[in-house]
Amino acid sequence: MPPRAKGCRVMIPDLEPIRAFLEDAHVAFAESLVAFVQREIAPLAPPADDAAARRDARALLAKLGAGGWFDPIARLNWRECCLVREALGAVSPLADAVFALQGLAALPIMLAGNAVMRERWLDDAMAGRAMGAFAMTEAEAGSDVAAIATTARRD
């Protein structure tokens, strides 16, 4: 992705309103995350919606994985996941979407996948070497999760 235009102001979320819900380890995590986001993500220009942007998303994903920012997903640490989403969402909807999709794709495998599935996908997903996907749709519901009527049954 090309650099963001000079003079573009980046807003990072303020932790003070939620400080009562955070332990010291969360605050330290958030501080290192904000430094990473300001250094690595904020300078990037907003991407276009095209094939090049999707390739850029994979490069961004590798940076996020290399920085360990997917670790909160792997540890099922929801407060840290929220902090990551707040920081990424403040500077890049693409980075936030990549993080969220990684969690949505990995969590079912973490919680209910067998050993083969975990070994095949989780290490690569958490390192940013594989891109997760999450899909849902139904003829009558589209992508409205609350309106989905399909059920599963063992057959």
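User: Which residues of α4 meet which residues of α5?

Analyst: Contact means heavy atoms within 4.5 Å. In this predicted model, Trp-78, Cys-81, Val-84, Arg-85, Leu-88, Gly-89 and Val-91 of α4 meet Pro-93, Ala-95, Asp-96, Phe-99, Ala-100 and Leu-107 of α5. Residues are numbered from 1 along each chain as its sequence is written. Local features need pLDDT of at least 70, side-chain atom pairs count only at pLDDT 80 or more, totals for chains, interfaces and linings use all residues, and side-chain values use heavy atoms, with hydrogens and water left out.

User: At what angle do α4 and α5 pack?

Analyst: Axes are lines fitted to C-alpha atoms, for helices over the stretch in contact, and angles run from 0 to 180 degrees between N-to-C directions. Angles under 35 degrees count as roughly parallel, over 145 as roughly antiparallel, 65 to 115 as roughly perpendicular and the rest as oblique. Helix α4 and helix α5 (residues 93-112) pack at about 150°, with axes 6 Å apart; the two are therefore roughly antiparallel to each other.

User: How do α1 and α4 pack?

Analyst: Helix α1 (residues 24-41) and helix α4 (residues 78-91) form an angle of about 25°, and their axes are 10 Å apart. That makes α1 roughly parallel to α4. On the α1 side the contact includes His-26, Phe-29 and Leu-33, and on the α4 side it includes Arg-79, Glu-80 and Leu-83.

User: How many helices and strands does the chain have?

Analyst: Helices (H or I, at least four residues) and strands (E, at least two) are DSSP runs, numbered from the N terminus. The chain has six helices and zero strands, in the pattern α-α-α-α-α-α.

User: What is the relative accessible area of Leu-76?

Analyst: Buried means under 20% relative accessible area, exposed over 50%, and partly exposed in between (1.4 Å probe, protein chains only). Leu-76 has 35% and is partly exposed. Of the 155 residues of the chain, 34% count as buried.
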